[in-house]
Amino acid sequence: MNDLQTPLEPIEKESSDDMVNIQIEESLVRETLMAIDSANFNEDLLTLIVFGVILVFVILSGIYGPPVNIHKKYSYPFSKDSPITNIKIPFDAILPINSQNSISIAFMRNSDAIANNLSITFRYSISCTHNNTQRFMASHPHDEYIVYPINGTNLTTSITLFTDIILDYNKVEIDLTFDHPYTHFSSFILTYSIGTPDHAYFQIYFRFLFSIVSAIFLALMLYFLRGLEVKLWHLEQKLTVPLVALLIFYNNPFYIFHVYNPSPVFVILDRILDSIFHSYMCFFILVLFDSLRYKNRKTDRCFYIPKIIMCSIILIVYSIHGIYDKLHLIAEHNKNYNTTAITSVAEMVVYLTFLLYTILSILISASRVDVTERYKFNIYLSSGLIAVIIMGACQALSSFKLFSESSLSFVIKFAVENIFSFLMVYFHWPYEVLMDEYNGPQDNNEPEADFFVNEQ
């Protein structure tokens, strides 16, 4: 019998390095379910289709909406014997609701002009008045400009002489002087572009409507979450509430006041709010994908630090470039293109860095996400790809100058960002609260969790 007895093998202890810190706390007492947790594939597919159809209809409203600008062209012939001096061209009946105006000049080449690029020298001054009261005056000295022919025509590329987005005057007058005649040009064409009142009204209605919808979504979500402590919210819900709150300011329901009383302060404030919303949306996307691989585990401050740094850089660069660009659209007649190019390149580099960071987070999450979170990962990824594809298609249309005079360029940005935010609200909607029979010891002196610390 003793021969049949074998000594028990000692059990090796597992290394603590392989242990996973599972979060078991008060969240087990009251567990919240979100709409994305309770829906099946067919329901979520239907949701994506519905939101996609809404997005398409909103974009179509921009394509077939009112034109952004109207253009008035004036042609003046060159004399072969004498220069053109002090020709004054007035543009009046300007209203604040026109929102923007600009003056550009192009040249018609003679048929015997052979050179691909031609130079021309002239000087001009701009005068803006309101009921004969001077509001703005600027003179541009003699300067040489290089113009290039447009393929298939004798018309050259245009030169922007003046642009403004603060129309606190009702008349613009340009004074042009060509000091000597030009034999390779037959005439010059002056184009005056001014914003349409219908487009301004379209923006007012569009912004106000989406602001109201955003406010309703935010109020209802907070109402249904009112019975839960903030630390029991899902991390996705903690991220979505500030997103929708910022969306209201981003939509800017008070745009009507700027339309009727334009001010540089409003332009700068609008750009700052725009920058804050976009930087937070970048933070939202990074955290949303990266947090999926932390199911049932705590996310500490180190989880957020790289993302906060990345999005803070986006906020700073986007704000600087936007404010600088907007300020140089106010009574602009001699733009510093070098500085503009620097800020544009900086913004492009920052966004490319963010894009790479996002792709890396998605790839890491795709390889490490828990099987229970795989479905949510696929839904988030599908939603993001649909938004990117639609926005990319509309940008391609704009680059080919299709619908360039429509409201599409304004609508596409607002539509995609609003519909995507509403979709996130729907997915993270508090579906129901489950009461669990857990009566373990509770420490009433336990400190409150940070807002963005994952307690699930």
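Helices and strands on this tour are DSSP runs, numbered from the N terminus: a helix (H or I) has at least four residues and a strand (E) at least two. This is a predicted model, in which local features need pLDDT of at least 70 and side-chain atom pairs count only at pLDDT 80 or more, while totals for chains, interfaces and linings use all residues. Residues are numbered from 1 along each chain as its sequence is written, and side-chain values use heavy atoms, with hydrogens and water left out.

**Stop 1: strand E9**

Select residues 185-195, which make up strand E9, and pick out Ile-189 within it. Ile-189 has a relative accessible area of 17%, so it counts as buried (under 20% is buried, over 50% exposed, and in between partly exposed, with a 1.4 Å probe and protein chains only).

Leu-190 is the next one to show, together with Ser-104. Their C-alpha atoms are 5.9 Å apart, with a sequence separation of 86 residues. Ser-104 belongs to strand E4 and is buried at 16% relative accessible area.

**Stop 2: two loops with positive phi**

Move to the loop between strand E3 (84-92) and strand E4 (101-109), where you will find Ala-93. Its phi is near 60°, a positive value in a residue other than glycine. Is Ala-93 buried or exposed? Its relative accessibility is 64%, so it counts as exposed.

Asn-132 sits in the loop between strand E5 (118-130) and strand E6 (133-147). Here too phi is positive, at about 70°, and the residue is not a glycine. Asn-132 is exposed, with 78% relative accessibility.

**Stop 3: the largest cavity**

A cavity here is a set of points on a 1 Å grid over the protein atoms alone where a 1.4 Å probe fits but cannot get out, and its lining residues have an atom within 4 Å of a point. Points are joined across faces, edges and corners, and the volume is the space filled by probe spheres set on them. How many cavities of 30 Å³ or more are there? The count is two.

For the largest, select Leu-48, Phe-51, Gly-52, Leu-55, Ser-383, Ile-386, Ala-387, Val-416, Ile-419, Phe-420 and Leu-423. Helix H2 (41-63), helix H9 (374-399) and helix H10 (408-427) each give two or more residues to this lining. The space inside is about 120 Å³. Nine of the lining residues are nonpolar, two are polar and none is charged (Ala, Val, Leu, Ile, Met, Phe, Trp, Tyr, Cys and Pro count as nonpolar; Asp, Glu, Lys and Arg as charged; the others, Gly among them, as polar).

**Stop 4**

A helix's expected span is 1.5 Å times one less than its number of residues; for the 23 residues of H2 that gives 33 Å, which agrees with the 33 Å between its end C-alpha atoms. At the start of H2, look for a side-chain oxygen of Asn-40 that reaches to within 3.2 Å of the backbone nitrogen of Asn-42.

H10 is mostly covered, with 17 of its 20 residues buried. From first to last C-alpha H10 reaches 28 Å, close to the 28 Å expected.

**Stop 5**

Next, select Gln-237 in helix H4 (residues 235-251). Gln-237 is buried, at 0% relative accessible area. A polar atom of its side chain lies 3.2 Å from the backbone oxygen of His-428.

Draw a distance from Trp-233 to Leu-33: the two are 200 residues apart along the chain, and their C-alpha atoms are separated by 9.6 Å.

**Stop 6**

Finish by selecting Pro-96, Ser-99, Ile-165, Tyr-255, His-258, Val-259 and Pro-262, which line the second largest cavity. It holds about 30 Å³ of space. Five of these residues are nonpolar, two are polar and none is charged. At least three come from each of domain 1 (33-66 + 198-431) and domain 2 (72-192), with bounds taken from an automatic or database domain assignment.

Last, go to Ser-263, which caps the N-terminal end of helix H6 with a side-chain oxygen 3.2 Å from the backbone nitrogen of Val-265. H6 covers residues 264-290 and reaches 39 Å from its first C-alpha to its last.

Note on methods. 1 Å grid on protein atoms, 1.4 Å probe; cavity = no way out; pocket = protein on both sides within 12 Å on 5 of 7 lines; lining within 4 Å. Polar contact = N/O pair within 3.5 Å; in protein donor to acceptor, adjacent residues only side chain to side chain.
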